[in-house]
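Biologist: I am new to this structure. Could you take me through it step by step?

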Amino acid sequence: MLGTPTINPATPSVGTVLPLDEMPCAYTTNPDFINQTLALINSQRAAHDLPALTLNWRLTTAAQGHAADMACNSYLSHIGSNGSDIEERVLLTGYTPSLVLETIYAQAPKNGGTPASAVQWWMSDLIHRRTILHPKITEIGVGYAFFPESQMEGYWSVVFAAP
């Protein structure tokens with residue numbers, strides 16, 4: 001994902017992009033966590049007779065950028081450090097959604113922050129559960145960023161959308 005543009009958390013203006021390899025911290029990602037999160041979300045959808053979501057690179061770009069922003073700036077919020085919301089971050093990737101939703105989660109792996117704990121937490125919360133099980137959602141992007149100097153260390157952002 002290095003070099004993929006995302007919203008620039010180092011500036012206050014919405015709409016500025018910054019390559020992920022130029023984020024203001026040396027975060028790492030975890031492809032296994034990303035794949036497990038996707039599989040667990042699709043498993044929950046299957047258990048509720050809903051179709052699996054298709055991974056979309058533009059949504060993944062928005063999700064990874066927001067996860068990195070939260071990790072590098074040590075916060076947990078649906079609002080980016082530059083004031084952006086999920087729709088703005090998705091539109092910046094060139095994806096035009098008819099519907100876009102987001103779930104976020106943060107927890108250090110050493111404290112039990114795993115894909116299973118993230119999905120379990122989302123499914124136990126009514127708003128997040130409705131997002132995961134939304135029948136009109138068809139595509140997904142999953143981002144994960146780990147930065148040991150941040151408060152929560154591991155940060156997820158999952159973007160759900162329909163074109």
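Biologist: What is the strand order in the open sheet?
Modeller: The order is S3-S5-S6-S4, four strands with mixed pairing; strands (DSSP runs of E, at least two residues) and helices (runs of H or I, at least four) are numbered from the N terminus, and two strands pair if DSSP finds at least two bridges between them. This is a predicted model, in which local features need pLDDT of at least 70 and side-chain atom pairs count only at pLDDT 80 or more, while totals for chains, interfaces and linings use all residues. Residues are numbered from 1 along each chain as its sequence is written, and side-chain values use heavy atoms, with hydrogens and water left out.

Biologist: Which strands stand at the edges?
Modeller: Strands S3 (54–55) and S4 (99–106) do; each has a single partner strand, so one side of each lacks a neighbour in the sheet.

Biologist: And how many bridges join S5 to S6?
Modeller: Eight bridges join S5 (residues 139–146) to S6 (residues 154–162), and the two strands run antiparallel. Ile 140 stands opposite Phe 160 in S6.

Biologist: Which strands does helix H1 touch?
Modeller: Helix H1 (residues 31–47) packs on the sheet and touches S3, S5 and S6, where contact means heavy atoms within 4.5 Å. Helix H4 (residues 115–124) also packs on the sheet, touching S4 and S6.

Biologist: Changing topic, how many aromatic pairs are there?
Modeller: The structure holds six. Rings of Phe, Tyr and Trp (its six-membered ring) pair if their centres lie within 6.5 Å; planes under 30 degrees apart count as stacked, over 60 as edge-to-face and the rest as tilted. The rings of Tyr 105 and Trp 121 have centres 6.2 Å apart and planes at 45 degrees, so that pair is tilted. Tyr 105 is in strand S4 and Trp 121 in helix H4, so the pair ties together parts 16 residues apart in sequence.

Biologist: Is Tyr 105 buried or exposed?
Modeller: Tyr 105 counts as buried, at 12% relative accessibility; buried means under 20% relative accessible area, exposed over 50% and partly exposed in between (1.4 Å probe, protein chains only). Trp 121 is partly exposed, at 40%.

Biologist: What kind of pair do Tyr 105 and Trp 122 form?
Modeller: That pair is edge-to-face, with 6.2 Å centre to centre and 75 degrees between the planes. Trp 122 is buried.

Biologist: Which residues form the aromatic cluster?
Modeller: Phe 33, Tyr 105, Trp 121, Trp 122, Tyr 144 and Trp 156 form one cluster.

Note on methods
Axes fitted to C-alpha atoms, helices over the stretch in contact; angles between N-to-C directions.
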